[in-house]
Each structure stands twice: as structure tokens, then as C-alpha cells.
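Hi everyone, thanks for making time for this.

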Amino acid sequence: MEAIWILLTLFVLIMLAGVYGVVRGVRAAKRGIDRTVHQARVTVEETRLRARQLAQPGAAGELAQLRLSLRGSMRATGQALQAAAPQDRSLSESLGLFQRLSSHALDLEADLKRLEQEPDRARLAALLPEMRERAQRITHSADSLRWAVQERSHRMAHDDLDSLGREIEMEAGALRHWTAVEPDEPLATPEAGARPGPEAGQAPEPPRPSLGARGNTEPQSWQKPWQKSPRPENTA
């Protein structure tokens with residue numbers, strides 16, 4: 001009976017894991033589709049704005065130019081922050097500031113889009129300077145934040161490269177010391193009772209005869225003739 005319950009439990013767990021995997025896959029696919037659709041819409045919208053900027057001079061063309069510059073500045077700054085944030089934890093405050101700036105950019109984008117549908121050209125011309133001033137302030141802030149992030153990333157990469165270069169030079173210097181002289185080994189101490197051997201260039205001393213030993217009166221082979229001991233005279 002316990003075996004049946006164990007099998008049923010395993011079956012249920014396997015089914016739940018399969019369902020969870022399917023749900024995650026569907027959500028990931030949906031996010032990918034939404035991202036693709038959003039990018040397609042952005043591309044189509046910006047293509048339309050470029051065409052309007054060229055085809056409609058005056059206030060309508062300037063509105064399109066303001067929207068394009070605003071979109072480009074905000075997109076470039078967001079990409080720079082997203083690329084640098086994983087390697088630099090100190091950019092959390094910068095991300096918060098960019099979110100606040102994005103809210104102002106979205107509000108201005110909506111206002112500019114509404115002005116494109118304004119039939120009263122006089123009203124459009126009156127409101128255009130204010131829109132231009134808001135767009136310049138937002139793009140300037142976004143550009144300043146992006147440039148600061150880029151300069152910080154470049155500086156960090158430069159400092160890391162300098163540190164890496166110093167470490168490599170130290171390691172290379174250590175690897176080149178293959179001819180280092182080893183320390184001298186300590187000299188072996190002579191054993192107790194052992195006489196030191198003759199020094200280089202000195203002849204060994206002849207052994208001294210012990211007391212009471214009979215002297216050898218025969219000439220030695222190494223003695224010269226005039227060094228032979230005289231024979232003792234007969235005292236008889």
C-alpha cells in the first residue's frame with residue numbers, strides 16, 4: 001500500500017513539474033513576442049517621424065524632430081545604464097534617477113504626440129517653444145547621465161588594466177629568476193677523534209716512532225747515499 005502512495009506522489013510531482021515548465025515556457029515565449037512586437041512598433045513609428053520631419057517643414061517637422069531626439073537620447077542612456085549596472089553596484093541611484101527622468105520623457109512624448117493632431121496652427125506655434133525647452137532639458141539630463149556612466153566605465157576599465165599590467169610585470173620578473181643561486185649547504189662537522197686531513201699543497205708528516213721501538217738502521221729507498229746512517233763500530 002505504501003508503495004502505491006509513493007508512486008502516486010511521484011506521478012503528481014512529475015505532472016506538477018511538467019506543468020510548471022510549460023507555463024514558464026509559455027510566459028517566456030509571450031515576453032519574447034511582446035518584445036518583438038514593441039520593437040517593430042518603435043521602428044515603424046520612428047520611420048514615420050523621419051518621413052514627417054523631411055516632408056513637413058515648420059512646426060510639424062520640428063515636432064517630429066523633437067520626438068526623435070527625445071527617443072534616441074533616452075534609449076541610449078537606458079542601454080548604457082543596463083550594460084554597466086551589473087558590474088557597478090554604485091549605479092543603483094543613477095538607475096533611480098533615470099526612472100524619474102523617464103516619467104518626464106513619457107509625459108513629454110504624449111504631449112508632443114497630441115500636438116501633432118492639433119489643427120490650430122497658431123496654437124501649435126505658441127506651444128512649440130515650451131515643448132522645445134522641455135525636450136532640451138530632458139535630453140540634456142539624459143545625455144549627461146549617459147556620458148558620466150560611460151566615462152566611469154572607461155575609467156574603471158583603465159584602472160583595472162593598469163593593475164593587471166603591474167601584476168603581469170611582477171609575475172614575469174619572478175619567472176625570469178631561473179638562475180638564482182641556491183644557498184650554500186652547511187659544512188659537515190668532523191667526527192670526534194678524527195684528525196683533520198692534510199691541507200692542499202702540504203706533504204703529510206712522517207709517523208713518529210713510539211718510545212722503546214727499535215730504530216731501523218737499514219737505509220731506506222728514499223734516502224740519499226750521503227744520508228745513510230753510519231754503521232756502529234765494533235767495540236769488542
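Let's begin with L112, which you'll find in helix 3. Please keep in mind throughout that this is a predicted model. Is L112 buried or exposed? Its relative accessibility is 0%, and the cut-off for buried is under 20%, so L112 counts as buried.

What does L112 touch, once we leave aside neighbours within four places in sequence? The answer is L63, L66, R67 and M131. For a sense of distance, take L112 and R132: they are 20 residues apart in sequence, and their C-alpha atoms are 9.7 Å apart in space.

Let's follow one of those partners, L63. This residue sits in helix 2, and L63 is buried too, with a relative accessible area of 0%. Beyond its neighbours within four places in sequence, L63 is in contact with L112, L115, E116, L124 and L128. In the other direction along the chain, L63 and R52 are eleven residues apart in sequence, with 9.2 Å between their C-alpha atoms.

Back to helix 3 for a moment, which covers residues 92–115. Here is a quick check on its geometry. With 24 residues at 1.5 Å a residue, helix 3 should span 34 Å; the C-alpha atoms at its ends are 35 Å apart, which agrees.

Which residues of helix 3 are buried? They are S94, F98, L101, S102, A105, L108, E109, D111, L112 and L115. Helix 2 and helix 4 are among the elements that cover them.

Setting aside neighbours within four places in sequence, E109 is in contact with R67, L70 and R71.

Now for the packing of the helices. Helix 3 and helix 4 pack at an angle of about 155°, and their axes are 10 Å apart. That makes helix 3 roughly antiparallel to helix 4. The crossing of helix 3 past helix 4 is left-handed. On the helix 3 side, the contact is made by S94, F98, L101, H104, A105, D107, L108, D111, L112 and L115; helix 4 brings L124, L127, M131, R134, A135, I138, S141, A142 and L145. By type, the residues of this contact divide into 13 nonpolar, three polar and three charged.

What about helix 2, residues 59–84, and helix 4, residues 121–175? Their axes come within 9 Å and cross at roughly 20°. Helix 2 and helix 4 are therefore roughly parallel to each other. Helix 2 also passes helix 4 in a left-handed crossing. The residues of this contact divide into 17 nonpolar, five polar and four charged.

Finally, let's zoom out to the whole chain. The protein has four helices and zero strands, and along the sequence the pattern reads α-α-α-α. How much of the protein counts as buried? Of its 236 residues, 21% do. And if we take contacts between residues at least 6 apart in sequence, 69% of them join residues at least 24 apart.

Key. Residues are numbered from 1 along each chain as its sequence is written. This is a predicted model: local features need pLDDT of at least 70, side-chain atom pairs count only at pLDDT 80 or more; totals for chains, interfaces and linings use all residues. Side-chain values use heavy atoms; hydrogens and water are left out. Axes are lines fitted to C-alpha atoms, for helices over the stretch in contact, and angles run from 0 to 180 degrees between N-to-C directions. Helices (H or I, at least four residues) and strands (E, at least two) are DSSP runs, numbered from the N terminus. Angles under 35 degrees count as roughly parallel, over 145 as roughly antiparallel, 65 to 115 as roughly perpendicular and the rest as oblique. A crossing is left-handed if the near helix is turned anticlockwise from the far one by less than a right angle, and right-handed if clockwise. Ala, Val, Leu, Ile, Met, Phe, Trp, Tyr, Cys and Pro count as nonpolar, Asp, Glu, Lys and Arg as charged, and the others, Gly among them, as polar. Contact means heavy atoms within 4.5 Å. The expected span of a helix is 1.5 Å times one less than its number of residues. Buried means under 20% relative accessible area, exposed over 50%, partly exposed in between (1.4 Å probe, protein chains only).
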